[in-house]
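Dear colleague,

I am passing a structure on to you, and below it you will find notes on what turned up when I went through it. Please read them with the structure open beside you.

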Amino acid sequence: MIIIRKFQPSDFQWVIDIERKVFNEHDPYLYMQFYETYPDTFIVADINGFVIGYVAGFLAQVGVGRIFSLAVDPKYQNRSVGSNLLKEIINIFRKEGVTEIILEVRMDNIKAKRFYERLGFSQFGIAEKYYNDGQNARLMKLKL
Ligand SMILES: CC(C)(COP(=O)(O)OP(=O)(O)OC[C@H]1O[C@@H](n2cnc3c(N)ncnc32)[C@H](O)[C@@H]1OP(=O)(O)O)[C@@H](O)C(=O)NCCC(=O)NCCS
């Protein structure tokens, strides 16, 4: 059974392992800092004590939530884990008075674009050369 719950420090290694598997660019130390600063919007999906996905977000400004990172272990993708994580953080943001959620996703990440669109996000801009390898970011938002 999959449980969606808050991140706790003992989850750190799981999160780093997933991040390493799915992203080209990573910075493990950011996640502990993230937890210390934004513990309420750092959520994991847990199956029998194993963390299989996470979402980390924060209040970027009054009324605006931002998704910093979202990933599901490749072995557990396409089973709605990502959708459940995203829905949970949307609910938390809503309770915090957020009216708009923004995120950026690599231009070539078509799977993630489709995933976010299915959950109501739409593109509102492009950030040129946003990533270290020169790739552009697609800016997406969801109005709550
Ligand atoms: C993007 C990502 C988070 C999605 O996570 P996920 O757990 O696979 O997401 P879901 O299972 O909720 O949805 C993925 C697809 O599976 C489908 N799906 C979900 N449950 C399903 C089921 N029981 N049977 C069949 N299909 C199903 C969804 O309809 C969706 O299809 P779509 O892509 O055509 O819309 C994941 O692919 C990932 O970690 N990617 C690498 C990191 C990344 O790109 N992060 C986002 C950028 S920050």
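In helix H3, Gly 82, Ser 83 and Leu 86 meet Phe 115, Tyr 116 and Arg 118 of helix H4, where contact means heavy atoms within 4.5 Å, and where helices (H or I, at least four residues) and strands (E, at least two) are DSSP runs numbered from the N terminus. By class, this contact of H3 with H4 has three nonpolar, two polar and one charged residues; Ala, Val, Leu, Ile, Met, Phe, Trp, Tyr, Cys and Pro count as nonpolar, Asp, Glu, Lys and Arg as charged, and the others, including Gly, as polar.

Before going on, please keep in mind that this is a predicted model, in which local features need pLDDT of at least 70 and side-chain atom pairs count only at pLDDT 80 or more, while totals for chains, interfaces and linings use all residues. Residues are numbered from 1 along each chain as its sequence is written, and side-chain values use heavy atoms, with hydrogens and water left out.

H3 covers residues 81-95 and H4 residues 110-118, and their axes come within 11 Å and cross at roughly 50°; axes are lines fitted to C-alpha atoms, for helices over the stretch in contact, and angles run from 0 to 180 degrees between N-to-C directions. The two helices H3 and H4 are therefore oblique to each other, since angles under 35 degrees count as roughly parallel, over 145 as roughly antiparallel, 65 to 115 as roughly perpendicular and the rest as oblique.

Turning to the ligand, 20 residues surround it, and the closest are Val 72, Ser 80, Ser 83, Asn 109 and Arg 118, a residue being near if one of its heavy atoms lies within 4 Å. A backbone N or O atom lies 2.8 Å from a ligand oxygen atom in the case of Val 72, and 2.7 Å from a ligand oxygen atom in the case of Ser 80. Asn 109 instead places a polar side-chain atom 2.6 Å from an oxygen atom of the ligand.

Finally, Asp 133 lies in the loop between strand E6 (122-127) and strand E7 (137-143). Leaving aside neighbours within four places in sequence, Asp 133 is in contact with Glu 25 and Arg 106. With the side chain of Arg 106, the side chain of Asp 133 makes a polar contact at 2.7 Å (a pair of N or O atoms within 3.5 Å; within protein, one must be able to donate a hydrogen and the other to accept it, and residues adjacent in sequence count only if both atoms are side-chain atoms).
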